[in-house]
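Let's take a walk through this protein together. Have a look at the picture first, and then we'll go piece by piece.

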Amino acid sequence: MTITRDDVLAARDRIAGRVRRTPLLPPGGRGGVWLKCEHLQHCGVFKTRGAFNRQLAALERGELGDAGIVVASGGNAGLAQAFAARELGVRATVFVPESAPQVKVARIERYGAEVRRAGREYAEAYAAAVAHAAAEGAAFAHAYDQLEVAAGAGTVGEEVLEDEPGVDTVVVAVGGGGLYAGIAAAVRGRARVVAVEPRLCPTLHSALAVDRPVDVEVSGVAADSLGARRVGELALAAARAEPPVSVLVGEDAIVAARQELWDEYRVASEHGAATAYAALLSGAYVPADGERVAVVVCGANTDPATLG
């Protein structure tokens, strides 16, 4: 299944009034790029868009019963689903790996969701969430590989081109690939997409090499938000429909990009959210002369005390 722009537009209409339209900062400082400030979204992360789209669609179809919604998450998807559930009066259960940052877990609980830790990696939390959905009759929300979730995320790309139709390229970080798949659908035929991954979490890059999702080892500073073990089918379908520019960035580049976003723009981003910007700062992606580039800064769930 491939997400279409129509799916994204339907998501935009469904979640209108529930999410923030985040600003697109014009080029300034040393970067020379537009910054889509999705770190200012409810919960500090783009995933709130997909969470509302998933739950509202499930409510429309009568799929949400007493067991509510369940999701597996490294932190951000859990935050988004918990927030949307609170706003909609839905019960939420969030399975997280033991490695999930406590700052994210505490916020999930403050939104009223039940948090259950399961395993050391996202894949183990995912298996536990699937089992819970089957046993309790809860509606399952995938963290990234679900049409409604990814289409909701794609509204980020739709807003970029609405605010600045002249943008040639949208640079986006990839973990499981929901944000990439949604944005690719939104901008297909209108702008290219640069898909950026940490070298230590190369899910899409590895899948493109063999034309199928494959398991990869995940680690590094961005693993809490980009640490899916394999890319989703929706992301791979998007890449087949229109191949992205796929680049990898190292740990030092991600850390430097996060610091640069703070120093130049006073944007307190998490490492995963700085990964897209790292591609430009490190030279992993070099725009052509005159190329108009927008970078998605997709999350802010971090400890600002770690910024200089």
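A salt bridge here means a side-chain nitrogen of Lys or Arg within 4 Å of a carboxyl oxygen of Asp or Glu. Keep in mind that you're looking at a predicted model. With that in hand, find Arg12, Asp13, Arg21, Glu162 and Asp163: salt bridges link them in a network.

Zoom in on one pair from that group. Glu162 and Arg21 form a salt bridge, with their closest N and O atoms 2.8 Å apart. Glu162 sits in helix α6, while Arg21 is in the loop between α1 and β1, so the pair ties together parts that are 141 residues apart in sequence. Glu162 is partly exposed, at 34% relative accessible area, and Arg21 is partly exposed too, at 47%.

The structure holds 21 salt bridges, so let's visit another one. Asp168 pairs up with Arg292, the closest N and O atoms being 3.0 Å apart. Asp168 belongs to the loop between α6 and β7 and Arg292 to the loop between α12 and β10, which puts them 124 residues apart.

Now for the strands. β4 and β5 run parallel and pair over four bridges, and together with helix α4 they make a right-handed β-α-β unit. Phe95 stands opposite Arg116 in β5. Arg116 also forms a salt bridge with Glu114, their closest N and O atoms being 2.9 Å apart.

Finally, the inside. In soluble globular proteins, nonpolar side chains tend to be buried together. The largest nonpolar core here has 111 residues, and Leu179, Tyr180, Ile183 and Val295 touch the most other members. Ile183's contacts include Ala153, Val172 and Val296.

Conventions: Residues are numbered from 1 along each chain as its sequence is written. This is a predicted model: local features need pLDDT of at least 70, side-chain atom pairs count only at pLDDT 80 or more; totals for chains, interfaces and linings use all residues. Side-chain values use heavy atoms; hydrogens and water are left out. Two strands pair if DSSP finds at least two bridges between them. Helices (H or I, at least four residues) and strands (E, at least two) are DSSP runs, numbered from the N terminus. A crossover is right-handed if, with the strands pointing away from the viewer, the path from the first strand over the helix to the second runs clockwise. A nonpolar core is a set of buried Ala, Val, Leu, Ile, Met, Phe, Trp, Tyr and Cys residues joined through side-chain atoms within 4.5 Å. Buried means under 20% relative accessible area, exposed over 50%, partly exposed in between (1.4 Å probe, protein chains only). Contact means heavy atoms within 4.5 Å. Lists of a residue's contacts leave out its neighbours within four places in sequence.
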